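Good morning, colleagues. I would like to take you through one protein model, beginning with the boundary between its domains and ending with some details of the backbone.

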Amino acid sequence: MPWEDLRPIFRPETVHMGVMTVDQEKCTKCGLCLENCPFRAWETDEDGFPRQKEEYECFSCYNCMVPCAVDAISIVDVYHVDDGFYASDPHPLPAKMPLEPRDADGKLDEWNAIERAVFQRRSVRNFRDKPVPETIIRRVLEAGRFAPSAGNCQPWKFIVVTNKALIDEMDKATYNVLNMIFTTYKHDELVKNLVPMYEADPRPGSWDPRVILGGIGTIAKGCAPTFLNAPVVILIAGDERAISGPEINAGICGQNMNLVANSLGIKACWLGFSQVINMVPPLKEKLGVRDPWRIVTAMVLGYPKFKQDGVVPREFRPITWFREGADGPEIEE
Ligand SMILES: Cc1cc2nc3c(=O)[nH]c(=O)nc-3n(C[C@H](O)[C@H](O)[C@H](O)COP(=O)(O)O)c2cc1C
Ligand code: SF4
Ligand code: SF4
């Protein structure tokens, strides 16, 4: 593929990082927002108050807000891209809290237990150095095993790693690949060398600024290890022959596990970067992953170091309704 065709993907313009602000009247300088930002976007100012760095990435996850006991952080702007390949649609992006629940008669209701679990779940990336009992891991795995799958093909296998030396090896191997990718991406004279990698797996989402600058950048700069120092890693291997493809089946299976983990008092984070293991054949072999299987995704689990869950706003994308009795579509924004 000619470089010029790929330039909009590898060199996007008009990318606006999320902007957050801290109310210094409320802030107690506990530092938890700094620790809980997946992209390490914050630093402390001369007076010890958090502020976003001069150069930073922020994809508006709002994880910095959830550990703040005094509600000192608020949103100034949501991550968005004005033009080009990754342009936000819709633009501007509205972020809203969950709409209030109503019952079948339209009366105000309360969230049920499942809704609460869905809205309050957050990706947890700071874990205590405490093992998770195997009985609990087993319950999480069982939730995955009973997930729906296309044609009931159940195209997943779980590889559970609690061995610290092996997790360390996985961290190092994935770091080496991600650091190479990040370094190549950042240099204008080298970035074209990534074209063959794109051609081998032409998914532009892998080069979205939130991934390459935010996620990969954080790992490459040594700010956080790929597997987040978690005591448990569950790699989800998917079968290439899966009906509807391995990704969607593994995703549904993984979210079953994620929600059940949360219900059992342990917390979880998805780990898409685990796919990098597929690019390291000796490690893939060591983990027992052979064709037609490959690592599709992973989940890390553990006990949270501090409170990292809670409800945050999310983009409200337009919903198109074709209502019974209506003349045409009605778009809710
Ligand atoms: C498919 C998938 C892959 C992800 N991969 C990673 C990852 O490699 N590392 C990470 O820290 N978070 C990862 N996440 C977590 C997302 O960043 C997170 O879900 C998103 O920012 C929304 O935040 P929330 O989960 O707290 O709602 C992944 C999530 C999904 C669904
Ligand atoms: S919204 Fe997310 S990415 Fe942005 S500063 Fe807060 S924690 Fe970091
Ligand atoms: S979490 Fe809240 S109180 Fe703690 S440093 Fe951040 S803004 Fe201040």
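Between domain 1 and domain 2, the count of salt bridges is two. Before I go further, please keep in mind that this is a predicted model.

Domain 1 is made of residues 3-97 together with 312-321, while domain 2 covers residues 120-302. The centres of the two domains, taken over C-alpha atoms, are separated by 23 Å. On the side of domain 1, 21 residues take part in the contact; on the side of domain 2, 25 residues do.

How much area is buried between domain 1 and domain 2? The value is about 2,200 Å², and carbon and sulfur atoms give 61% of that area. Of the area that domain 1 buries against domain 2, W3, F10 and R11 supply 27%, more than any other three residues.

Turning to polar contacts, nine residue pairs are found across the interface of domain 1 and domain 2, with both residues of each pair at pLDDT 80 or more.

Which elements form the side of domain 1 that touches domain 2? Helices α1 (3-10) and α2 (32-36) each supply at least two residues. The largest share, four residues, comes from α1. Sorted by class, that side of domain 1 has 14 nonpolar, two polar and five charged residues.

**The protein as a whole**

I now turn to the entire chain. Its secondary structure comes to nine helices and 14 strands. The C-alpha trace spans about 55 × 50 × 50 Å along its principal axes. Why might one call the radius of gyration of the protein in agreement with that of a compact globule? Because a compact globule of 333 residues would have a radius of gyration near 20 Å, and the protein has 21 Å.

The structure holds 22 salt bridges. One that I would like to show you joins the side chains of K305 and E35, with an N to O distance of 3.0 Å. K305 lies in the loop between β11 and β12 (314-315) and E35 lies in helix α2, so this pair ties together parts that are 270 residues apart in sequence.

**Details of the backbone**

Finally, I ask you to look at three places in loops. P92 sits in the loop between β6 (80-81) and β7 (95-96).

The peptide bond from D291 to P292 is also cis, here with omega near 5 degrees. P292 belongs to the loop that runs between α9 (281-286) and β11 (293-302).

What is the phi of T14? The angle is near 50 degrees, a positive value in a residue other than glycine. T14 is placed in the loop between α1 and β1 (15-16).

Thank you for your attention.

Technical notes: Residues numbered from 1 in each chain as written. Chains lettered and ligands numbered in written order. Predicted model: local features only at pLDDT ≥ 70, side-chain atom pairs only at ≥ 80, totals over all residues. Heavy atoms only, no water. Domains from an automatic or database assignment. Contact = heavy atoms within 4.5 Å. Buried area = accessible area lost by both parts, 1.4 Å probe. Salt bridge = Lys/Arg side-chain N within 4 Å of Asp/Glu carboxyl O. Polar contact = N/O pair within 3.5 Å; in protein donor to acceptor, adjacent residues only side chain to side chain. Nonpolar A, V, L, I, M, F, W, Y, C, P; charged D, E, K, R; others polar. Rg over C-alpha atoms; globule rule 2.2 N^0.38 Å.
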